[in-house]
Amino acid sequence: MNTKETRKKIEVCFSPYLFPLFKEEFEIIVVIDVLRATSAICAAFNNGVESLIPVSTIDEALEYQKKGYLVGAERQGKIVEGFDFGNSPYSYMKPELKGKSVVLSTTNGTKSINIAKESGQVVIGALSNLDVLQKWLSEQDKNILCLCSGWQNKFNLEDTICAGAITDYLVNTGNFRSEEDSSIAAKYLFLSAKDNILGYLKASSHRRRLKNLNLNEDIKYCLTPNLAPVIPVLNGDKLELVKEEVSL
Ligand code: MLT
């Protein structure tokens with residue numbers, strides 16, 4: 001166990017809007033968008049997608065489409081007309097995507113990735129890769145920030161609970177410390193939710209939004225831990241899997 005002085009930081013930023021207040025101090029930024037961007041990204045890599053290019057705008061997505069890429073685009077939970085798919089994890093589990101490089105643009109998640117990338121190493125976090133990600137993070141000996149994508153710069157519960165799980169795990173290793181109240185609050189939310197995450201999020205805003213779009217299967221997938229044990233990291237403009245093996 002490290003002494004208080006040598007412990008690395010694990011903190012939580014509730015929304016991209018608050019990111020400028022945190023961004024100077026962290027070497028690794030875990031971008032989280034549980035419903036659904038980062039869960040879809042983990043599902044894609046778990047299905048054998050080679051790389052995924054996250055873009056912020058529909059114009060950028062169109063440019064890639066013109067170059068012949070398969071492109072997913074989502075706004076307000078819906079597939080953007082003219083694109084190959086949206087943001088459902090199930091769209092990325094198709095055999096024809098294995099070994100391919102795909103492009104994705106979403107309302108919040110891919111924007112957060114692009115906001116974070118100037119400040120540190122971007123890693124993708126979701127409930128679906130929780131255990132393997134926590135283990136990998138615990139071995140990095142770096143200051144880590146969990147950036148919750150939220151909804152249009154607002155706080156959301158599911159990303160905060162995922163960030164709280166990561167914070168709880170890393171602090172319990174004895175090698176990390178949290179000082180911000182946002183990190184403590186995220187940890188407490190995770191501890192209250194962990195035995196029934198689906199039930200805890202029943203009234204949450206984006207769960208309701210997706211339920212109204214008949215996306216219940218997506219909600220269940222995204223809120224079930226460890227279905228896609230992969231660690232996508234940003235390398236230049238592309239997400240790729242980390243090279244090293246992680247054993248749990
Ligand atoms: C996003 O990036 O805003 C979300 O993943 C929205 C969605 O559920 O499609």
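Start your tour by selecting Leu 35: one of its backbone N or O atoms lies 3.5 Å from an oxygen atom of the ligand. That is a polar contact (a pair of N or O atoms within 3.5 Å; within protein, one must be able to donate a hydrogen and the other to accept it, and residues adjacent in sequence count only if both atoms are side-chain atoms).

Before moving on, know that this is a predicted model, where local features need pLDDT of at least 70 and side-chain atom pairs count only at pLDDT 80 or more, while totals for chains, interfaces and linings use all residues. Residues are numbered from 1 along each chain as its sequence is written, and side-chain values use heavy atoms, with hydrogens and water left out.

Next, click on Asp 33, which has a polar side-chain atom 2.8 Å from an oxygen atom of the ligand. Then pick Asn 87: an N or O atom in its side chain is 2.5 Å from a ligand oxygen. How much of the ligand's own accessible area does the protein cover? It covers 100% of the 270 Å² (Shrake-Rupley method, 1.4 Å probe).

Now show the 14 residues around the ligand (a heavy atom within 4 Å of it). Arg 36, Asn 87, Thr 106, Asn 108 and His 206 come nearest. The shell divides into 4 nonpolar, 7 polar and 3 charged residues, with Gly counted as polar.

Stay with Arg 36, in the loop between strand 2 and helix 1 (37-46).

Hop over to Gln 76, in the loop between strand 4 (70-75) and strand 5 (78-79). Gln 76 isn't a glycine, yet has a positive phi of about 55°.

Last stop: select Phe 14 and Phe 155. Their ring centres are 5.0 Å apart and their planes at 90°, so the pair is edge-to-face (centres within 6.5 Å, planes over 60 degrees apart). Phe 14 and Phe 155 are 141 residues apart.

Key. Phe/Tyr/Trp six-rings, centres within 6.5 Å; stacked < 30°, edge-to-face > 60°. Helix = DSSP H or I, 4+ residues; strand = E, 2+ residues; numbered from the N terminus.
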